[in-house]
Amino acid sequence: MGSFVWAASVLLLPLLWGPLSEAAVPPDWLPGNYAADEADAARFTEDYSDMAEKALYHSVTASWNYNTNLTAHNSQLQVQASLDEQEFTEAWGKKAKAVFSKVFLATLPNKSVKKLIEKISELGPANLPTKEREEYNKILSTMDEIYSTAKVCPDKQKPDKCWSLEPGFADTGAYWRSWYETPTFEQDLEQLYKTVEPLYKQLHAFVRRQLFNQYGSKYINLKGPIPAHLLGNMWSQTWNNIYGLMIPFPEKPNLDVTDKMVEKGYDAVKMFQVAEEFFTSLDLIPMPEAFWNESMLVKPEGREVVCHASAWDFYNQKDFRIKQCTTVTMEQLFTVHHEMGHVEYYLQYKDQPVGYRRGANPGFHEAIGDVLSLSVSTPKHLKTIGLLDTLTNDEETDINYLLKMALEKMAFLPFGYLIDQWRWNVFSGQTTPDRYNADWWHLRTKYQGICPPTPRTEDHFDAGAKYHIPGNTPYIRYFVSFILQFQFHEKLCKAANQTGPLHTCDIYQSKEAGNILRTVLKAGSSKPWPEVLQEALGTNKMDAGALMRYFDPIIKWLDKQNKNETIGWPDFDWVPPVPEGYPADIDKNTDELQAKQLLQEYNETAEVVMNTYTEASWAYNTDITEENNNAMLQANLDMSNHTLNYGLKARQYDAADFQDTGVKRIMEKLSDIGRAGLPDAELKEYTTLLSTMETMYSVAEVCKKDGTCLPLDPDLQKILAESRDYDELLFAWKGWRDSAGKELRPYYHRYVELANKAAELNGYTDNGASWRALYETPTFEEDLEALWKQLEPLYQHIHAYVRRSLHKKYGDKRVNLKGPIPAHLLGNMWAQTWSGIMDLVIPYPDATQVDATPAMVAKKWNATMMFQESDRFFTSLGLLPMPQEFWDKSMLLKPTDGKKKRLQCTVVTMDDLITVHHEMGHVQYFLQYKDQPVSFRDGANPGFHEAIGDVLALSVATPKHLKTIGLLDKVENNPESDINFLMSIALDKIAFLPFGYLMDQWRWKVFDGRIPASEYNKEWWNLRMKYQGLCPPVARSEEDFDPGAKFHIPANVPYVRYFVSFIIQFQFHKALCQAANHKGPLHTCDIYKSKEAGNDVMKLGSSKPWPEAMALITGQSKMSAEPLVEYFQPLIQWLKKENSKNNEVKPSSPRTTK
C-alpha cells in the first residue's frame, strides 16, 4: 500500500522522540489572547491556520530531509522539529480548551469554526504533563504493554494516579472511531463485512484447493483454515504473490507491460508525466513546478534514503512532493498514479484551513489513490496510452485479471477489518493481557480462515509482528478505503458513460468523472464524510454493492469451481502438523558467500581425511590384521569427527534462498552428519560394533569333521555353485549360517538402537527413513512396489520353470512342484542369483552355450589381461583410461603370503571377466566425477553406481562382443541359442530381483519396529517365502540369525540400491543402444566402440537430483521396468509356452504400461 504524509495538530504523529524539554517553538507561533465570543472564535481559527502552516512546514521539511538523506545530523533535526510541533499543538489545544468551553461552542452559529476548534482541542497524549508524556512516549516505543483503556497507570498499585489521554472518550478505540463521526460505525462495518464475506469464502475455498494440490493433505485440510505462512505475504493480508499457483487459464497472456515500457524509453520522470496527464485529462490540477523541482523520484546515488513510496504536503499551499525509488515496471506505474492521487487531494484542499487539510475520513485518502489504479490497470487504459498492442477480450482473460485483483483486494478485507477489532477489544479491556495471542488468532481464524503453522502461546505476541500495532497506527482506514474505492469507481464510470462490465472501466479523459472527484477532494475534512459522499455519489453510506458488482464475473466463476468444495472452515480448530525437524532454519546464516567459503574449506580438508580413511580401509581389506583394524577404526573416527564438525557448521545456514543450486544441494548433504551426530562414547561403540560384525563375518569358516575349514570365498561358494549332492549343499549352507549368521545376533540389536539414534539426530524417524532419503523421492517405497508388481509374473515364470528342473534332479521328496524351493539348491549361498545351476535348467543342452572361459585359458589370459581388455572397452566409448596409479596399487590377484582379505581375487573365467568390467565401471564413475566437490563424488542415487557397472556387462556378455574381442569363434543366430543366452542372463538378473527388494524390506521393518528383535529370523523367512518362493532346507529358530549370513547386513550396507540398479541398467542399456544405432533385439546389443554411447552423465556425480541424470541418459526421469521386459521378451514367450505345456502354475504375464 502506498502512503501519504500529513503532519496534523490532532494526531501528533511523532510521539517517539524523547524529552520535550529541548523544544523551542518561536514565540510568534504561539497563540495570543482571545475572548469567548463569535468574532474571536473566528479569529482564533484563522490565526491557528496561519501559524500551523509554519509549524507543520518546519516539521514536514525536517522529516523529508531525513527520509531522503539518512544521516545522524538530519535525524537530530527531525527529532527537534517533531518536538517543536508537539509543543505547538499543545499550546494551541490548551488555549482552545481554556477559552472556548463546550457550552460556548454549542451556541456558536458558525458550524465550520466550531468543528475546527473542537479538532484543535483534541490533544490526545498532549493532555499529559511533560514528564508523564515522556514516559508515555517511552512505553509506546518499547511496546512493553498495550493499555486496555484510555488511562495509563504507571503504578498499578495507585489507580488514582492514572493519566487521562483524551477526556470524553471511553477508551482509545472509541477515540479512534470518533474520527469517522458516525454513531453506528461499528455496526456499519460489520454489515459491510457480511456483504463481502460470501465472496471471500468462495475465494478462500478456491485458494485452499490449489494449495492442497501444491502441499497435499498433510498440510492442507479442505475443511479447515489455511496455514498462514502459505499465502505469499508475511501477514496473509494480500495473496497476489501466489497468483502463479492460482492462475485459472495459464495459457492466456499475462498482463504485464513492463517490457513495453522499457522499449518505449520510459524512465521515472516519464512515468510521472503519464500519471499527471491522467489527472489533467479529468480536468484536475496539474502538478505544480515545486513538485517537479523538489520531489525525489529515483533513488539518489551516494546517500541512504527511505525508499517506501509516499506523498508529502508541506502545508504552505505550494510545496507538494512524492518520495519514491521508482523503477520502470508496470506495478510501479500503478504506484505512481496512486501516490499522485494523494498529491491531487492536497492540491484540491490546500485552500481549506489547516485543520481541514485531510481526507473526509481516514479511509478517503487511500481510496482516492486506489480508485485511479482501478482505471489505470485495465487493459483498455494500457492500450490507450500505447503500452499494449492488442486488447484481448474474452472470458478467460477476464477471469485471470479478476482473480489477480481479488487476491489483492478481496483477500485483504477480513485482515483490514480484524486488526482494529482486536485493538478495540484490547483498549476496552474485553481482551485481557493473558489472552492477547489467543484472541488474535481467534479473530484471524474467524474472519480470514487461517491458522498458525506452528503452536502459539501467550509467550508470543503475533499481533506485534505487524508494523501498525507497535507503530500505534489505526488500520480500519484501509478496510474503509477498499469499500469506498469501488463506490467511487462505479459512480465515476457512470459519469464517464462507461458501458460494459465495471472491471473494464477506464475514466481517462472524462471531465464529468473529474467533476465528481473534485467535489470530494476540495472538501477535505471540512464536512462530515457522509455529507461529502452524499454530494458526490448521491448516498451518505458506505456500500459494498459496487465491489460485488465489480467482481461479479469471478463470483460466478468461483461458484462453479467450488461446486464440491466446503465453503468456510468448519474444522475451525484444525492446525497443520509441525514439519519434521522444525525449527531447522530459525536464526540461521543466509550469507551465500560465507557458505561458499565454508564449502571450499570443507572440500580441501575432506579430501585429506577421506583419503586417509580409504587408505586405512584398503590396508585392512587386503590384510586383515588387528593392527590394520585399529588403524581403520581410528581413521573412521577421525572422518566422523570431520563430518560432525562441518555438518554442524552447515546446519547454521539457511540455504533456502541461495541462488547457486549446487551450493544449496551440498549444504543439504553436508547437514546430514550421519553417525557422526552420536555422542563420542556411542559413536565409538557404534564404529566398534560394525567393525566387530564385519570381522566376524569375514573370518568365519565352516569346518569338516576331518578338521579342514572352508572359508566362504572361494570354497563354500564353489560347493554351492558346483555340487549337485543335496547333503553336501546342506552342509555348506547350514554351516555358513551357524558360523557367520548365528554368531552375529547378540550384536545386531544394539547396532539397530545406535543406527536409529544417529538417524533421529539427523531429523529422520529411523535409520530406514534416512536410507530412503538418499533417493530424494517421496513415493520411493510405492514406486518400488509398483516396479516389483510389474516384474513379479516374469519371476514366477522363471521360478516355476527352475522348480520343475530341480524336481527332475532331486525328486518329489525334496522339491514340491506347488511349493517353495529349498534355498540351498539354487547355486548360490543366498539364492540371490541362480546362474550356478545353468547346467540343470538349460533349455537346449545341444545348442551353443556362451562360455568364453575355455578360450581365455587357451589364449593364456591372466588377471592383468582381463583388466586391460576392460580398459579398452571404456576407451572405445571415448571414456577415460585407468590412471597409472590404478595399475600400480590395485590388488587383482589373491596374495600368496597367507594374508586374509576380502577384495576381488580374480580367476580366469568368463564370469570374472564380466565382474572385472563391472568393477572397472565403478572406477570409471570415480574418474568422471573426481573434479566435483567431495559431497557430489557419488552416484546420482545409490543405484546408479551399480547400474553403470552392470550396463557394460550387458554388452560384454553378448556373443557379438565376445567374438569381437576374439573369445568366440562365431555367433550362433538361432532361437535355441538365444533362449539359452537369455536364460543364463535371467538366472542372474531376474532371479535376483525379489532378493534385492526384500533385504531392505526386512531392515526397514527392523528399524521402524515392525519387526521386533524376538522375531528377526521368523520375519526374514516370511519375506523370503513371500517374494522369492524359497524355504529353509532345515528348521530355523530365533537362535539363528540368517540375515547376518549376508555380508551387507553386518556391514551396514543398504541393499535396495541393487534392486534399483537392476531396473535402471536396462533403461540405460536401451538408451545407449539407441545412441549406438543398434538394430535388432535389445539382448543382442553391444555398445563397444560407440563414442555416441559414451555419455558423460557420470561427470555429474550426485550434483543433480537423479531424475535429471536419468533424463539426460534415457530421456525420461522415472524408473521403468519396460526396457527390462523388452530385453527378456523372447524368453518370456518361451517360458509361458513351456510352463503351460507342463501345467505349471500360470501367473499373469509381465505387465507393461500403456
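Start at His-468: skipping residues up to four places away in sequence, it touches Arg-423, Thr-473, Tyr-475 and Tyr-478 (contact means heavy atoms within 4.5 Å). His-468 sits in the loop between β7 (450–451) and α18 (476–495), with helices (H or I, at least four residues) and strands (E, at least two) taken as DSSP runs numbered from the N terminus. It is buried, at 13% relative accessible area; buried means under 20%, exposed over 50%, partly exposed in between, with a 1.4 Å probe and protein chains only.

A word on the model: it is predicted, so local features need pLDDT of at least 70 and side-chain atom pairs pLDDT 80 or more, while totals for chains, interfaces and linings use all residues. Residues are numbered from 1 along each chain as its sequence is written, and side-chain values use heavy atoms, leaving out hydrogens and water.

His-468 also turns up in an unreviewed UniProt entry, which lists it with Glu-339, His-1048 and Glu-919 under "active site"; positions follow the numbering used here, feature names are shortened, and annotations may be inferred rather than shown by experiment. These residues span 710 residues of sequence and are spread in space too, up to 70.3 Å between C-alpha atoms.

Glu-339 belongs to helix α12 (residues 330–349) and is buried, at 0%. Its side chain reaches the backbone nitrogen of Ala-311 at 3.3 Å.

Ser-373, in helix α13 (residues 364–376), is buried at 13% and, neighbours within four places aside, contacts Phe-334 and His-338. Ser-1061, in helix α42 (residues 1056–1075), is buried at 0%.

Notes. A polar contact is a pair of N or O atoms within 3.5 Å; within protein, one must be able to donate a hydrogen and the other to accept it, and residues adjacent in sequence count only if both atoms are side-chain atoms.
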